[in-house]
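Here is a short report on a protein model and its ligands. It takes the overall fold before the ligand shells.

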Amino acid sequence: AAPVSMMAGGAKKILVLGGDGFCGWPTAVHLSDKGHAVTIVDNLSRRDIDTELGCDSLTPIAHPEVRIAAWKELTGKTIDFVNLDVAKEYDRLESLIKDKRPDSIVHFAEQRAAPYSQKGTKQKRYTVDNNVCGTHNLLTAVVEADCCAHIVHLGTMGVYGYGTSGGEIPEGYIDVVLPGGRDSRILHPAYPGSVYHTTKCLDALLFQFYAKNDGVRVTDLHQGIVWGTNTDLTSMDPRLTNRFDYDGDYGTVLNRFLMQAALNVPMTVYGTGGQTRAFIHISDTCKCIEIAINNPPAEGAQPEIFNQVAETRRVRDIAELISKNTGVEARFLANPRQEAAENELDVSNRKFRALGFEPTKLNDALFEEVQDVTQKYKDRCIPTKILPASFWNKKRAQEVAADK
Ligand code: NAD
Ligand code: USQ
């Protein structure tokens, strides 16, 4: 049965799990701005991990209650907030879904840093427990609540293994001939490069099973590395400011390089910098999620999979581009990660483009937005947190130690 929404004019009831995070907060305000009734569900674990790591968002971020009060004051629109652990508080999650009967549930609520997931046994186990249990709890709660909500999950390009097939990476599935000669359409082989990325591959199997067995409608967005800080909406008021991670565990490559350039310290290129990765700007993340919400798969269909990327770039080319603009040099460090030193990456994003997505490419104007933010808050940077602090295995740790 199609979901029954009590709201007028195409507006939907939407839960945003992980709506206090880097991608979740701008998406929550974007969806609220479009007239949807948004409820953020978050256990604030990301803020706790800041405390554990002795680090903080470079930008000062207001508490969820302050953020949503400011949003109400500025726009008249209401966002609800529920502090709930999706992985540990199953009964509360099921009750919330029964109570709210959402049309869509956007699922960001996972531990998302690959380096943090490789830091030690505590972090490895936490990442698996949190991510896999959280996703499974959500699926079973949707079924138990008879709710028909469309789940939009944030997955990762890293499930594919960054160009190991040698050709263009399709959107989720490949057509194969099985032994015996039967044609089949199967999930692209999983080839994760960290404990974190492995949890996203496990999520994909859970989605496949619950779609087949219970008719749960799922869209899995295989997203590239997100860069940028604020969107037009989170720039409206300092209380709406988005988080900005720069440390060796949570900071992602492009944002880290822009921040390092603003601080006039050498950019930390790992290995040869020959790693090619997919990128997307934070404003495009919000737009793609809106498109996904508006285009749910049919009940009983395989999970819909989109590659949520704007373009691919090589790490050393990004460093060179930023160096040209700022004069800051790249420093090539021994790679703390177990990954291919050089790879090609060609990714299809045709499905999103067919639905009207016009990707924002890396450009100077957007670089300036990040550099303005990093200049403004550079005194909040803890310089000892910039270098990598997690290693994929003992060999990598020794190589990095020898390189110092
Ligand atoms: P983030 O860490 O900033 O946000 C995640 C949020 O989820 C946090 O606010 C955290 O407190 C919350 N959370 C985690 N576990 C929870 C639980 N058990 N219950 C309730 N809340 C919980 O991460 P992000 O950068 O916003 O990423 C969001 C999602 O997008 C992740 O699933 C990530 O894998 C995916 N993604 C991110 C990027 C990126 O570059 N940031 C790229 C591709 C995919
Ligand atoms: N890198 C450097 N120098 C740095 C930081 C990173 O050279 O200072 C390199 C890494 O070795 C890696 C690449 O840059 O080859 C990307 O690293 P990253 O930390 O920017 O991104 P990653 O670990 O892949 O993870 C991020 C998000 C994750 C998301 C993923 C999308 O944290 O949640 O799933 O991007 S993707 O990479 O497309 O799989």
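How many helices and strands does the protein have? There are 13 helices and 14 strands; helices (H or I, at least four residues) and strands (E, at least two) are DSSP runs numbered from the N terminus.

This is a predicted model: local features need pLDDT of at least 70, side-chain atom pairs count only at pLDDT 80 or more, and totals for chains, interfaces and linings use all residues. Residues are numbered from 1 along each chain as its sequence is written, and chains are lettered from A and ligands numbered from 1 in the order in which they are written.

**Overall fold**

Of the 404 residues, 48% are buried, with 20 or more other C-beta atoms within 10 Å of their own.

**Ligand shells**

A residue counts as near a ligand if its C-beta atom, placed from the backbone, lies within 6 Å.

| Shell | Residues | Nearest residues |
|---|---|---|
| Ligand 1 | 26 residues | Gly 18, Gly 21, Cys 23, Arg 112, Leu 154 |
| Ligand 2 | 21 residues | Thr 156, Met 157, Gly 158, Thr 252, Val 253 |

Around ligand 2, α8 (253-263), β10 (267-270) and β11 (276-281) each give two or more residues. β10 gives the most, with three residues.

How values were computed
A residue is buried if 20 or more other C-beta atoms lie within 10 Å of its own, exposed if 12 or fewer, and partly exposed in between; C-beta atoms are placed from the backbone.
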